[in-house]
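User: I'd like to learn how to read packing in a model like this one. Can we take a residue and a helix as examples?

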Amino acid sequence: MSDIRLGDADEVSALVISENKEKVEEQKPLVNVDDIVQDSTIMIEMAQRLAKNYEDVEAAGTLIELVAPYIEFPQLLDSTLNKLMSCLTKACIESLGKNVPNMIYMCIYNLSNIRGFREILPLFPNQVELFEPVTKVFCQDIQSWEVKFVLCLWLSQLSLVPFDIATIGSTLADDLLEWATKLLSSPTKASESSAFFLSRLFQRKDMVEKRANFIKQACSHITDKSERLVTNYLRTLFYIFNNQDYNLVQQFGNTMYDTLSILSESPSAHQRLFQIKIIQKVGLAFLPPRVAKWRYQRGSRTLNLDGNQAKQSNGPTESASDALYKNEDDFYVDEIVEKILALLFDALESHLTVVRWSASKGIARIVERLPYDDASQTVDYLFKLFELTDNDNLIHGACLTLAQFTLRGIILPSNLPRVISVVMNSLISDIPHGNHTVAESVRDAGCFICWALARSYDGPTLEPYALTLAQQLVNVFLFDRCVNIRRSASAAFQENVGRHGRFPHGLELIHIADFVTVSSKAGCYSRITRFVAQFPEYSESMAKYLVNDRLTHWDQEVRELASGAIQMLALEFPHVITINLVDEICIHCMSIDVDIRHGGLECLGRLLKVRDVEEECLKDLLKLDSNYQIDNVKCSFIRMLAAAVKRGHKVDDYAEQMKQWMTEGTNEVQNAVVDSLNYLNEGEGNNVLDDNFFDTMLNDLKSPGVAAALSSFPSEFAKKKINVIIDSIKKIFSEKESITDTKKNIMESLVYISQFCNDDNLIEILKLGLNDRTTTKKGDEGSLVRGPALKTLDALIAKRNIGKELVIDVLKLCLDKITGIREYAVKILLKIAYYTEDLPNRESVLRLLKSQNKANVPDADKLPLLEDVLKILNKDQTAPKWLEVMRLAEVQNISIEHFNQLIVVPDYAETVVEGLISCSGAFAPDLSKRSRNSLLSFMRKKGTDNAKLVSSIIIQLYTKQWGIVNFQNSLFAFLPLLLGSGVLSGENLADFADKFLSVTEQKYFNKKTPQKLLRITRVLGSLAAVCDGNEMKRAFALLAPLFVCEYANVRDSSANELYSNLKARSVSSNPLPFSFEEAEAVLTKTQWREVVSQEAINKLCGLYGVDAPVVTETDEQNATTTKKESYNYGLLAKSMY
């Protein structure tokens, strides 16, 4: 062993840990001493307050709240517990004979619940004079179960007084027994403390007769239907037998066995657990309390660092034969012990883990007291269980029992070969059930056996099996799927290294494979495997295990990780991957099992990348007529073919098949083809696929697979055909049909294509991607394009001078409705400000980012100003320093409120207003509220013309964005809030209303649909109530025809919107020019959904002074038809959308 290897192990371990930490945080102590001292002071203060005032709810609540967090480390309460209990119990004593202080008892219950009642028990006062008054309180009809719980604990301590209870009270014992037994049926935790109290009470000599009667009563209630009552009777019996001598247990032994046998099929976990616990106590009572001389006894235990045998102390010596242990006289074993062992062995098959654990311990406790012959028969029976069953529960229970036998010296050295065989099988046990396995517990128990072997046997005894055990444990802690099993195997390996030191290179391996490092599955398969493979004692075993076990695993992730590990071994340790192992991999490739075939193909493909394989092995694997129905198998087959072709192996019709997979395959298959093309183009280039292949693919650029493969085109071909590629991309983005996947893949491939095209074409394509707003029934599918477009811009912004032309598009995405896009766009905006020195109004952008940083980052004042950082760093700075700048400017919670600062910048004003209005119509309530509040607060600033500026921009957007439904929906949702807020008034309001109504009159009603009419009702209703003079008349003139239209929901919405806005103005300081009561009467009393009323519309138009629309006979017929058909679901759905 060398110090260099230990140093390497530490370096690899640190690297694995760092790779799996997303963020390196400062080490914080688990316990803050100052907080504990402060909590203790407050707890004692609250307890003293509560002792003075029993009904102080605030003090009780504070005490309970302070105690609750200590449930993880209850020992920290020990220094304060005595003082707390002293204050609380003193108050309890003072209240005896008076009203029961429920709050105090509740606090004591919480203390016992956190710390454990056995730690609280000695802190109760146990003066004899307290027995009678506490008993009287206990025997009262008290509603609070917490009081009963605490009184049971208190009486458990008082019941140990060394005086006859009859001298204290003649009926005291009977009363206690009656009330405690009655409490056993309680559904609360008071029943548990009652069971413990009864067991303490029955320890008294004056309760012997009552104890016997209670045991008989308990046995008679075992078949009771009440699960709670039966469980608590069993709990009480367990406490009784656990504290009494063996004579009592023997007295009721047969009765208890007959009674408890009934519970073998009980569905209750608690009943099964107490059954096992009690029955093993009964079995132990029929055996002498001794340690059998035949058990294996280990000598001295020393840490063996140099591999030499340690000197033995003057104690028992080890022997490899059983002759030393057989010289013992047999004794009679009662027949009931055999029955109990049979019952315990049956319990090993239970579906409850806790029952199997308890049964295994019970079997070991009984067997360690048996004579040698009887114990040997039990051991033989245990080994037969591994041969006769495939029940995973029984195998787990048998493994636990074997581990307990090992710890107690029941397994003699002659049986070690059988133990090692069981261990080797259990460590790789894996029974798949769907997408999970049921054998993890078996593997964990196998690690437990290995740990027990290290603790029980000395080095010379284990030396013949040390290498086999070490190899298998290494395989498990490196390659097991479950993190807990890897940790268990690592712990067992460390125990063996520390106990006997017979594992090769043990210290190096425990340095690299500890609790933390093995938690990373990827780290185990890569870095740790690479380190361990340098030791020849483990490398061959690892390779065989990977090929024979991991490649055939049911989990796809494990198979892929195993393939990567084999590729690494073949590259760095080529002698490990032998011809036989390659043959095994090829056999896996032809398996009829889908999982095995996938593992074989995946591994063979990766193996061909680092070494060649004989043609004879591949001859049946390169045929394209193979039927691969499953995508993951097909993908591995495609990658394997590419690796084989790269190696010079001939594959017929390879190019044609690649085209078919590229255009017709699923996304996974297309990605596999792209990976294959990338691999074929590496190194010396692609000698298999010529330009005709890529020309044909270019004609199918609409296919998502071909779009993804753009990044795989040979550089010479891409450079030659760049104009064709650019034209095809522009054509795809100009088409209206939804091909989102193709657009997304084009954006992802644009980083590669950009090196062949000029800035103008690159900017044009990026603009198309950044502004993609494709909306379908699935929702905003354009976001799938905008995200990759941002990533592409992120990769190119430092290399190409394109930020100035794209800043508007990025700013628009900073106000996107999707949170992820907004967050990413802000980071891109910061990069643009850094790399683009001639950016218009660069200072305003920097000021915005600075304010966002300070508003959302804790301790932002301690960070350097962004302007200062940008001055310090130059464009030629390395990437790590740029990442540090990004870290300093990180915005934890992107807030869009600050973007209103850019409205005063002409270059960005329209973009910001458009984005805030769009976000105000978002489905997310929080985003919608923050967006509209940001815009309204900007318009409210006193001493500015912000309101006039924003209103004019809104009119421009209304005209410019005509026909874009999403924007119109958001705008029409925002305008009523704007008009109702009072921000616009006087000339600003009149000017805005005039321009808005002019545009609406010219364009909006050219094509009428129910959806369009419903959208405009809210705005027209607001304008008809808020405006004055001519604008009010114009707004109502546009709204009036909607009261007589054929759509009932439009008529009803128009009336509701107008009424609500008129009512709001009627209570304001600006009165209406007509009587609100008259308008209210018309709007509320008319059934607008029922009929089209000429009289009602005449009255409304008279109030406004406009001509009333005439209701024709056609309008009435349409209204009637709408009413009759309103119950048709199809028409209803159509009207809603």
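User: Which residues does M697 touch, not counting residues up to four places away in sequence?

Analyst: A contact means heavy atoms within 4.5 Å. By that rule M697 touches M662, L677, V706, A709 and F713. This is a predicted model, where local features need pLDDT of at least 70, side-chain atom pairs count only at pLDDT 80 or more, and totals for chains, interfaces and linings use all residues. Residues are numbered from 1 along each chain as its sequence is written, and side-chain values use heavy atoms, with hydrogens and water left out.

User: Is M697 buried or exposed?

Analyst: Buried means under 20% relative accessible area, exposed over 50%, and partly exposed in between, using a 1.4 Å probe and protein chains only. M697 has 2% relative accessibility, so it counts as buried.

User: And which helix holds M697?

Analyst: Helices are DSSP runs of H or I with at least four residues, numbered from the N terminus. M697 sits in α35, residues 691-699.

User: Now a helix: which residues of α24 are buried?

Analyst: An α-helix has 3.6 residues a turn, so residues three or four places apart point the same way. In α24 the buried ones are I485, R486, A489, S490, A492, F493, E495, N496 and V497.

User: What do the buried residues of α24 pack against?

Analyst: Their partners are α22 (440-456), α23 (459-479), α25 (506-512), α26 (521-532) and α27 (536-550). Just after α24, G501 takes a positive phi of about 65°.

Methods
Helix = DSSP H or I, 4+ residues; strand = E, 2+ residues; numbered from the N terminus.
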